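Colleague: I am new to this structure and would like to learn how to read it. Could we take a few features in turn?

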Amino acid sequence: MLRLFLLAGALSALAMAQGLPERAAQVLAANCTSCHGGNLRVSELDLRTRDAMVKGGTRGPALVVGKAEQSRLYRFAAGLDQPQMPPGKKLSAEDLTTLKAWIDSGAELAGSPVASGALAAAEDRPITENERKYWAFQKPVRPAAPAENAIDHFLALKWKAKGLTPAPRAAKSVLVRRAYLDLLGLPPTPDQVKAFVNDTRPDAWPRLVDSLLASPHYGERWARHWLDVVRYADSGGFEYDRDRNNAYRYRDYVVKALNSDKPFDRFLKEQLAGDELYPDSPEAWIATGFLRLGPENNVKNEQTRLDELDDLVVTTANGLLGMTIGCARCHNHKFDAIAQKDYYRMQAVFFPLKPLERPLVDPAAEAKFKAETKAVEALQQPIKDQLKALEKPFRDKIIARRKASMPDYLRTALATPEAQRTEGQKLNVIQFEKSVENIYEDDLVRELTPAIVAERKQLVAKIAELEKTKPDMPAAMTITEPGREAPPSHFLHRGGAGSKGSVMTPGVLSATVREDWPFPAAPAGAKTSHRRAAFAQWIASPDNPLVSRVWVNRMWQFHFGEGIVRTPSNFGKMGERPTHPELLDWLATEFVANNWSVKHMHRLMMNSAAYQMAADDTEANRKLDPDNRWLWRMPRRRLEGEAIRDSILALAGTLYNTIGGPAVLPYIDPALYQASSKRTWNGKAVDDPSTNRRSLYVFSKRSIPLPMLDVFDKPDTITSCARRNRSTIAPQALILMNNEFVHLQAKAFAERLTREAPTVPARVARGYELAFGRMPSAREAARAVEFIQASPAGLNDFCHALFNVNEFVYVP
């Protein structure tokens with residue numbers, strides 16, 4: 001009995017010693033390195049590595065290895081010497097015990113084999129004063145401008161300097177169509193065009209802009225722009241591309257936030273840390289779906305986890321900060337003042353994240369849902385066991401055949417003891433073990449006898465029928481963390497998981513701050529680290545020099561075709577410089593000063609004379625500025641695929657205009673995708689009216705895009721989209737000419753014209769009004785009437801032709 005007691009005590013002591021480096025690293029990261037590490041080193045003391053502690057600072061060595069009572073690090077922390085550290089608080093008894101035991105046991109730090117010596121020095125990359133002076137790292141300063149529209153003032157300065165003459169104001173019929181397409185993504189009706197054209201009040205235009213911003217369809221249109229930036233999709237990507245049936249709640253959150261003109265700083269804070277900053281708001285919890293939008297690797301290991309974190313760090317930096325921080329995963333940025341350590345300190349912000357499907361019902365309802373689901377699963381289980389037993393001999397046969405045909409490198413990897421395998425062999429074994437038993441439906445069915453196929457079909461049908469009886473519990477795609485203390489994350493030399501350096505404390509872009517941004521410890525009783533809360537406060541701070549500039553630049557791009565910075569996700573040295581830097585800073589400061597109101601910025605931009613210019617060229621201006629970089633006319637812009645599809649539905653009178661809710665799956669020809677690797681598209685019939693919703697609500701499956709949207713340059717949703725491509729390719733014309741959906745909508749458009757206009761000439765006029773917001777010219781009308789009367793299908797073909805006219809698919 002005594003021997004067992006002593007053995008248990010020895011094992012307990014061993015387990016404690018083995019965990020000391022990690023626990024000590026957490027204590028130091030949470031309490032010490034914000035003042036003694038990175039760019040801020042009080043008393044010239046760096047507490048991030050063992051070597052640096054032994055070296056010490058201005059007071060001498062901080063660490064005497066093996067002797068806690070003689071180590072200044074412990075003595076100041078324990079209050080044995082003054083001043084007690086850290087300032088303003090005492091370490092808990094548990095943390096002090098950890099610190100003392102760690103020093104007495106040899107003070108080995110997690111990651112110390114590479115975090116000491118030369119490699120530790122390589123982690124440091126101070127930001128110079130000159131680098132901080134780069135324009136994008138300077139806080140915007142409001143330049144002087146006249147009290148009226150400052151936008152026209154700053155543009156006029158460039159026109160005068162370049163010898164350019166601005167285009168005249170566009171016709172009212174053009175402006176009303178431009179405004180509707182820009183703010184709603186839908187063409188105005190003939191009555192809406194006439195109402196504006198005939199409105200002679202001096203404030204008719206501002207009134208129109210206000211009315212469109214008040215429309216619930218505004219949020220749908222502008223949500224699409226934001227969803228491009230955050231690479232929104234309804235599936236996880238990669239081989240299996242699993243559906244995310246709760247993702248739509250995040251999409252609906254964005255629509256609602258834009259419609260309500262939620263202050264943009266709050267909008268960002270909710271997405272980064274809604275659970276920490278606004279824990280009582282279900283809406284803020286849903287907003288954290290932003291942190292789950294990236295592609296989800298099918299293989300789960302340390303490397304793929306790091307890849308997913310990289311995607312989140314890069315999307316946050318590109319989308320919100322306009323900085324290409326991804327380069328710093330493996331080395332200091334080659335062009336911009338972004339240290340590799342900045343990357344890993346930002347990664348430390350997100351490192352604790354774990355996915356969570358959060359119920360949107362009260363605890364009693366949740367318990368009821370779970371009990372009912374468990375009851376259904378209990379009924380399914382014996383059928384599943386029967387199915388498994390039925391398939392087993394055939395599955396075993398396939399697996400044996402696969403193992404027999406293994407290549408030599410896999411045989412070698414499997415024969416090598418696990419502890420001796422190389423990193424490559426470990427990955428090969430993991431992938432093989434997952435894939436060898438992953439048998440596709442078609443492969444299995446080919447092995448079965450006809451009798452087994454029939455029996456299996458019955459069992460599968462029974463399971464499916466029971467599955468339909470499971471209750472559908474409302475839930476949101478959100479995140480959580482393992483607890484108040486964040487698990488340690490490391491600097492990775494050369495970006496490799498096997499080259500761990502120092503334990504990282506959370507941080508921000510060093511070039512944007514003079515002192516380390518504070519990351520206070522999480523409040524007592526907190527369920528998460530609150531690192532994201534502190535990070536979100538920096539992102540949405542008025543002192544952040546990037547965020548306000550980046551967003552107003554994106555708004556300018558969506559209204560004027562190109563941003564003031566034409567590389568909207570790269571404000572670094574390899575991106576373009578702003579064409580109008582004073583205007584950009586004026587817009588950024590105006591945005592912040594007006595409570596980060598997005599709708600206020602719409603009004604400013606659209607009420608400018610610049611926005612109301614015609615799109616006509618002049619020969620003199622074209623010679624001086626062929627690319628219209630100085631915005632002397634309104635640029636011509638092709639509509640996105642979503643707006644084209646929505647406009648077709650609007651003209652046909654078949655648009656189902658309900659806002660929000662689960663996504664729809666329109667028809668896609670099965671020949672265009674493979675129903676393998678668990679990927680499929682359960683689309684409705686091509687003439688099913690329930691799928692005639694706005695394209696924002698079309699299910700966005702990463703591996704199976706809707707062809708009509710795909711050919712018109714829909715982003716791949718794998719990475720943040722800074723700016724959509726604007727291609728002109730044959731498949732765009734072919735899909736508008738030959739697609740079955742387009743033919744059906746042309747037929748519906750023709751039926752609408754027949755109902756609304758009694759004669760062929762009247763139908764031609766009505767068609768032009770609906771499609772282009774204008775009446776046809778005499779020549780256009782005569783040719784259209786002749787065309788319609790030449791064939792029994794003439795009206796259908798006429799409507800189809802209107803969908804294919806450039807005037808229909810371009811913003812005027």
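Modeller: Take Lys300, which is partly exposed because its relative accessibility is 48%. Buried means under 20% relative accessible area, exposed over 50%, and partly exposed in between, with a 1.4 Å probe and protein chains only. This is a predicted model, in which local features need pLDDT of at least 70 and side-chain atom pairs count only at pLDDT 80 or more, while totals for chains, interfaces and linings use all residues. Residues are numbered from 1 along each chain as its sequence is written, and side-chain values use heavy atoms, with hydrogens and water left out.

Colleague: With which residue does Lys300 form a salt bridge?

Modeller: In general, side chains of opposite charge can pair when their charged atoms come close. A salt bridge here is a side-chain nitrogen of Lys or Arg within 4 Å of a carboxyl oxygen of Asp or Glu. The partner of Lys300 is Glu308, and the closest N and O atoms are 3.5 Å apart.

Colleague: How many salt bridges does the structure hold?

Modeller: There are 61. One of them joins the side chains of Lys470 and Glu467, at 3.3 Å from N to O. Glu467 is partly exposed, at 37% relative accessibility. Another pairs Arg629 with Glu576, at 2.7 Å from N to O. This pair links distant parts of the chain, 53 residues apart: Arg629 is in the loop between α27 (619-624) and β7 (637-638), and Glu576 is in the loop between α24 (547-560) and α25 (581-593). Helices (H or I, at least four residues) and strands (E, at least two) are DSSP runs, numbered from the N terminus. Arg629 is partly exposed at 27%, and Glu576 is partly exposed at 30%. Salt bridges that share partners also join Lys256, Lys262, Arg266, Glu270 and Glu283 into one network.

Colleague: How is the packing of two helices described?

Modeller: By the angle between their axes and the distance between the axes. Axes are lines fitted to C-alpha atoms, for helices over the stretch in contact, and angles run from 0 to 180 degrees between N-to-C directions. Helix α9 (residues 172-183) packs with helix α10 (residues 190-197) at about 125°, and their axes are 9 Å apart. That angle makes α9 oblique to α10; angles under 35 degrees count as roughly parallel, over 145 as roughly antiparallel, 65 to 115 as roughly perpendicular and the rest as oblique.

Colleague: Which residues make the contact between α9 and α10?

Modeller: Contact means heavy atoms within 4.5 Å. From α9 come Lys172, Ser173, Leu175, Val176 and Tyr180, and from α10 come Gln192, Val193, Phe196 and Val197.

Colleague: At what angle do α12 and α24 cross?

Modeller: The axes of helix α12 (residues 216-229) and α24 cross at roughly 125° and come within 12 Å. These helices are therefore oblique to each other. Their contact is made by Trp222, His225, Trp226 and Val229 of α12 with Trp551, Arg554, Met555, Phe558 and His559 of α24.

Colleague: Is His530 buried or exposed?

Modeller: His530 is buried, because its relative accessible area is 18%. His530 is found in the loop between β6 (500-503) and α23 (531-539). Leaving aside neighbours within four places in sequence, His530 is in contact with Glu276, Ala522 and Pro523.

Colleague: Where does Thr324 lie?

Modeller: Thr324 lies in the loop between α16 (302-321) and α17 (340-350). At 22% relative accessibility, Thr324 is partly exposed. The C-alpha atoms of Thr324 and Ser569 are separated by 7.5 Å, although these residues are 245 residues apart along the chain.
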